[in-house]
Amino acid sequence: MTSSFDPAWNQWPIANDPAIRQALQNAYEDGSWGRYHGPHVERLEAVLAEMHNVKHAMVCASGTIAVQIALRSLNARDGGEVIVAAYDFPGNFRAIQDAGLFPVLVDIDPLTWCLDANAIEEAISEKTVAVIVSHLHGGLAPMGTIREIAAVHGIAVIEDACQATGAIVEGRLAGANGEVGVLSFGGSKLITAGRGGAILTDRDDLLQRAKVFCERGNNAFPLSELQAAVILPQIGQLEQRNQVRRDRVQRLRDRLCDLDSLLRPVTWCGKRPVFYKHAWLCDTAQRAQHLTQLALLNHFPLGEGFRGFFKRPSSQTRKVGSFAGSQAAAERTVLLHHPVLLQDEMAIDQLADWIRNELRDG
Ligand SMILES: Cc1ncc(COP(=O)(O)O)c(C=O)c1O
């Protein structure tokens with residue numbers, strides 16, 4: 001089927017945003033754009049901490065390095081184990097290894113794409129130091145339950161909110177539910193500076209260790225003044241934009257709801273989920289491939305999911321339980337990328353019609 005889907009609907013960030021222009025202009029005029037230290041990073045850290053209702057926020061170069069800084073802040077002994085979902089952002093597995101720790105895999109909840117809280121206890125050993133929990137593809141992990149299990153066993157929770165900035169999980173903002181939370185300001189993210197990340201924590205000792213890890217005569221993984229300057233206005237825009245995204249996702253789901261047996265949407269979690277991506281699980285891997293390949297050709301913003309870690313050799317990881325959810329997610333996920341969700345309802349209807357037609361033909 002031919003399509004008139006406008007490639008401009010996929011554009012991100014939004015071009016010509018006056019708030020960003022003003023922030024850049026201010027950083028230009030006050031000279032902070034060229035300094036190691038200035039008012040923007042300091043202000044951003046204060047705003048992030050206040051927004052998430054945590055004691056400390058520390059910004060850094062990316063979400064990927066933020067996960068590693070979070071792990072380093074725990075001061076875990078070499079060889080300590082970190083539980084992580086077998087379907088997650090690839091950098092999280094690597095971050096565990098780079099921190100001298102050992103990844104232990106558990107399955108995801110196939111309805112939310114997030115680590116299955118019921119799988120954690122079986123994976124805990126005397127070496128376990130932490131669990132990394134990522135909110136993925138519009139799904140939210142049950143942080144209260146996870147925190148309780150972790151507290152019983154004395155392990156730390158790292159909450160990766162890189163895909164869920166502004167989401168509310170059981171009454172608290174995503175990123176504020178563990179010992180350390182992680183945010184990303186990477187180029188595709190809901191708040192972007194092209195690159196960037198942050199850790200959030202209530203604990204002075206964790207912040208102190210995070211700073212020591214980054215300090216190599218200079219901060220080795222900094223966020224620049226210029227990046228901080230453009231992030232600040234986006235924080236004010238976040239919730240209004242997230243609400244538009246929720247409304248558009250709801251419309252799209254409504255329009256496709258009779259097709260759930262072919263394309264099952266991620267479970268809607270609470271009142272304020274956030275859609276950096278929106279996931280569906282196809283009934284077959286072939287259908288998922290067909291949809292994502294055609295979408296690419298026609299500029300529709302649908303792509304594949306992560307590949308997952310469940311095939312990694314046992315020299316690299318300890319695997320606990322079955323990985324039916326992770327394997328299905330790796331093979332059958334279709335992800336909608338968020339920029340189109342700020343377009344009008346016509347764009348959403350066009351997307352829904354295209355998906356419906358392709359499912360009928362495929
Ligand atoms: C769940 C998750 N964690 C971490 C990251 C890494 O963030 P960054 O791209 O800023 O390195 C991403 C990036 O997509 C992610 O999706």
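Guide: Residue classes come up throughout: Ala, Val, Leu, Ile, Met, Phe, Trp, Tyr, Cys and Pro count as nonpolar, Asp, Glu, Lys and Arg as charged, and the others, Gly among them, as polar. The model is a predicted one, in which local features need pLDDT of at least 70 and side-chain atom pairs count only at pLDDT 80 or more, while totals for chains, interfaces and linings use all residues. Residues are numbered from 1 along each chain as its sequence is written, and side-chain values use heavy atoms, with hydrogens and water left out.

T64 places a polar side-chain atom 2.5 Å from an oxygen atom of the ligand. A polar backbone atom of G63 is 2.8 Å from a ligand oxygen. The side chain of Q163 has an N or O atom at 3.0 Å from an oxygen atom of the ligand. Taken alone, the ligand exposes 390 Å², and the protein buries 88% of that; accessible areas come from the Shrake-Rupley method with a 1.4 Å probe, and for residues only the protein chains shown count as cover.

G63 is also a residue of helix α3, which covers residues 63–73. Helices (H or I, at least four residues) and strands (E, at least two) are DSSP runs, numbered from the N terminus. Nine of the 11 residues of α3 are buried, so this helix is largely enclosed by the rest of the structure. A residue is buried under 20% relative accessible area, exposed over 50% and partly exposed in between, with a 1.4 Å probe and protein chains only. The buried residues of α3 are G63, I65, A66, V67, Q68, I69, A70, L71 and S73.

Beyond the helix, N75 lies in the loop between α3 and β2 (81–85). N75 has a positive phi of about 60 degrees although it is not a glycine. Its relative accessibility is 53%, so N75 counts as exposed.

The pockets are next. On a 1 Å grid over the protein atoms alone, a pocket is an open set of points where a 1.4 Å probe fits, with protein on both sides within 12 Å along at least five of seven lines, and lining residues have an atom within 4 Å of a point. Grid points are joined across faces, edges and corners, and a volume is the space filled by probe spheres set on the points.

The largest pocket has a volume of about 600 Å³. It is lined by 22 residues, of which H37, V41, E45, N219 and P222 are the closest to its centre. α2 (39–52), β1 (56–60) and α7 (204–214) each supply at least two lining residues, and β1 has the largest share, with four. By class, this lining has 10 nonpolar, six polar and six charged residues.

The second largest pocket has a volume of about 430 Å³. Of its 17 lining residues, R307, G308, K311, A330 and E331 are the closest to the centre. Helices α9 (285–297) and α10 (324–332) each supply at least two residues of the lining. Its classes are six nonpolar, four polar and seven charged residues.

R287 is in helix α9. At 15% relative accessibility, R287 counts as buried, and its side chain makes a polar contact of 2.6 Å with that of D283.

Last, the segment before α1 (18–30) contains P13 and N16. The peptide bond between W12 and P13 is cis, with omega about 0 degrees. N16, a residue other than glycine, has a positive phi near 60 degrees.

Note on methods
A polar contact is a pair of N or O atoms within 3.5 Å; within protein, one must be able to donate a hydrogen and the other to accept it, and residues adjacent in sequence count only if both atoms are side-chain atoms.
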